[in-house]
Amino acid sequence: MDLVWDGIAQAFWLLVRGDRETYQVILRSTQVSGMATVLSVLVGVPLGTLLGLSRFPGRNVLIALVNMGMGLPPVVVGLLVVITLWRSGPLGGLHMLYTPQAMIAAQFVLAFPLVTAFTLASVQQLNPKLRTQILALGASRWQMLLLLLREARLPLLAAVMAGFGAVISEVGASLMVGGNIRGLTNVLTTDIVSATGRGDFARAIALGIILLALVYAASLAITTIQQRTRPS
Amino acid sequence: MSQPIIEGHDLQVVFGGRKVLDVPYLAVEQGEVLVIVGPNGSGKSTLLQVLALLLPAAGRLTFAGEAVNTRPDKSGLHFRRRMAVVFQEPLLLDTSVRENVATGLKLRGTRGHDLERRISLWLERFGIAHLAARSPRTLSGGEAQRVSLARAFVVEPEVLLLDEPFASLDLPTRYALMGDLKSVLARTSTTVVLVTHDRDEALALADRVGVMLSGRLAQIDRTEAVFRSPASEEVAAFIGVENVLRGKVASQQGGLAWVVVEGRILEAVSELAPDTPVLACVRPEDITLSLRRAGETTSARNRLAGHVARIDDRGSQWRVVVDCGFPLVVLITRQSGHEMGLAPGSEVAVAFKATAAHLIPRA
């Protein structure tokens, strides 16, 4: 039990003392996963809306791909991104491997199918007659889409949370494409892996607690937005 | 007469190989309340959606003289914004009542003081100002439909299209809301097209009535004209003329015809020539019923002797089927039924005016 208490005590000290390195890791985790989530929302919400509202040949094939994307193993994504960015790989010229940008790219690949699938489900659960009603109110097609997304905002926020939650707690891909370079590409999850490997359980537990707190803070923020936007 | 606000030519909608709408011509006059009645599935909602530019159709449409594309596209937006639609289901947005009423105006770019003033005005007119901050999910059906109506009126549309707006409301709420709609319409000059399966709504609200049967407009005319002189047996049956009697014109003089129905002679106002096979339509509420002493016969025209074959209790009214050689349906109040001690088998006499009988030539 000492192990656990030590960890909690150390986490407390790391935060209270303002350990610069710890804060940097927290910040990097938030930035990398936050940016990956933002990009996934920018791609996933329009894509999910399109898949949810329109009918075209090949739509089912795309939806099946998106659903498969929800179950992508992070290590496979990591492997693909590493191969792509490898010096002799197709995008090797970008010299992006082992940078935070590479991690954002890998996390984006993991998160956007989630956001797309959740968006698809969100817009499909809306009453189909709502589109006609909104058009009847005098909406242009763009205004209709925006109003529909506003109607689906609660499940859409869940989509954002699902995307962020998945990538901030992911380790395989981040480790492979980032390399866990101290002060450059180490994030909370990769740091926990290496601390545990070193036998530095106290630090690993401390970072684990911080990671949980971070995820909770994000979900609290989203929940607050969700609940505030509904009139009583 | 001024130009119709909406004019449709050869409007057709085909679903799965079946023509659900086939209207060669329809004009909606400026400022009128046109009620389209018809049974469920007759295509009346389809017609409304075509007029609202929400459903593509074959044919031509003009709005205030301008040609409109009947296959809704971007150019349709300009016309859609001059109309408003209320559906049977209010389908309010997940925001406050006030924001719901604001939606149409905001979509049209109305802002600021004008926006606030108009929202408040229409919340007030439909008696929902006290609900402004509420979520639609907490509203009753009647309250929600009021919001839906306010949301449509607030944009001050040139044409208001109403699709069974009262159908899912309970009776007191329905009457209250119809009353409110009537008084609102009295003070605006909005053109209204209302679609309903309810004849009473047509009688209560319409300047003109169109009867929609199997995708076609079987008749469209002034309300009284449609209800008094249905154009066909089907129209008569739908608008509630329960007595449609097969007969033949025996003679006609000066607009008064004598019709033989099952060996009895009826008098009707008609210009039809002798020997024309006809259907004589008599509305149940236009027939009076009185008791007859046993053995008494009657020779007066349009006064027929018979006996009560059946009584259907319809609450405040009784629907009495009188056998007078042919069945004749009569509506009487429950009270007068009790006073007469009416029961199946009672000997009765029925009478109606020559103007209450309407003749339709039969093919």
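Accessible areas here come from the Shrake-Rupley method with a 1.4 Å probe. In this predicted model, the accessible surface of chain B comes to about 15,900 Å², and carbon and sulfur atoms account for 50% of that area. Chain A exposes about 11,600 Å², with 71% supplied by carbon and sulfur atoms.

Chain A is built from 11 helices and zero strands. Read from the N terminus, its elements run α-α-α-α-α-α-α-α-α-α-α. Along the principal axes, the C-alpha atoms of chain A fill a box of roughly 65 × 55 × 25 Å. The chain has 232 residues, of which 46% count as buried. When contacts in chain A between residues at least 6 apart in sequence are considered, 74% of them join residues at least 24 apart. The charged side chains of chain A number 16 positive and 8 negative, and the centres of these two sets lie 21 Å apart.

A:Leu114 belongs to helix 5, which covers residues 100-124 of chain A. The cut-off for a buried residue is under 20% relative accessible area, so A:Leu114, at 14%, is buried. Beyond its neighbours within four places in sequence, A:Leu114 is in contact with A:Met70, A:Ala162, A:Gly163 and A:Ala166. A:Ser40 lies 74 residues away from A:Leu114 along the chain, yet the C-alpha atoms of the two are separated by 8.5 Å.

Chain B brings strands into the picture, with 10 helices and 20 strands. Its C-alpha atoms fill a box of roughly 80 × 45 × 40 Å along the principal axes. Of the 363 residues in chain B, 53% are buried. Contacts in chain B between residues at least 6 apart in sequence join residues at least 24 apart in 65% of cases. Chain B carries 42 positive and 41 negative side chains, with the centres of the two sets 3 Å apart.

The domain assignment divides chain B into domain 1 (6-237) and domain 2 (241-361). The contact between them takes nine residues from domain 1 of chain B and seven residues from domain 2 of chain B. The C-alpha centres of these two domains lie 38 Å apart.

The strands of chain B can be followed from strand 1, which spans residues 6-15. Strand 1 pairs with strand 2 (residues 18-28) of chain B in the antiparallel sense, over nine bridges. Within this pairing, B:Val14 stands opposite B:Lys19 of strand 2. Two residues lie between strand 1 and strand 2 of chain B, which form a hairpin, and B:Gly16 in the turn has a positive phi of about 50°. Strand 1 of chain B is also joined by five bridges to strand 4 (residues 58-63) of chain B, again running antiparallel. Here B:Gly8 has B:Leu61 of strand 4 as its bridge partner.

Helix 3 of chain B, residues 97-107, is mostly covered, with eight of its 11 residues buried. The buried residues in this helix are B:Val97, B:Asn100, B:Val101, B:Ala102, B:Thr103, B:Gly104, B:Leu105 and B:Leu107. Both chains contribute to their cover, which includes helix 6 (129-136) and helix 7 (141-151) of chain A as well as helix 4 (112-125) and helix 5 (141-153) of chain B. Just after helix 3 of chain B comes B:Gly109, with a positive phi of about 85°.

Most residues other than glycine have a negative phi. B:Glu156, however, has a positive phi near 45°, and B:Glu164 likewise takes a positive phi of about 45° without being a glycine. B:Glu156 sits in the loop between helix 5 and strand 7 (159-163) of chain B, while B:Glu164 is found in the loop between strand 7 and helix 6 (171-187) of chain B.

How values were computed:
Residues are numbered from 1 along each chain as its sequence is written. Chains are lettered from A and ligands numbered from 1 in the order in which they are written. This is a predicted model: local features need pLDDT of at least 70, side-chain atom pairs count only at pLDDT 80 or more; totals for chains, interfaces and linings use all residues. Side-chain values use heavy atoms; hydrogens and water are left out. Two strands pair if DSSP finds at least two bridges between them. Helices (H or I, at least four residues) and strands (E, at least two) are DSSP runs, numbered from the N terminus. Buried means under 20% relative accessible area, exposed over 50%, partly exposed in between (1.4 Å probe, protein chains only). Contact means heavy atoms within 4.5 Å. Lys and Arg count as positive and Asp and Glu as negative; His and the chain ends are not counted. The place of a charge is taken as NZ of Lys, CZ of Arg, CG of Asp or CD of Glu. Domain bounds come from an automatic or database domain assignment.
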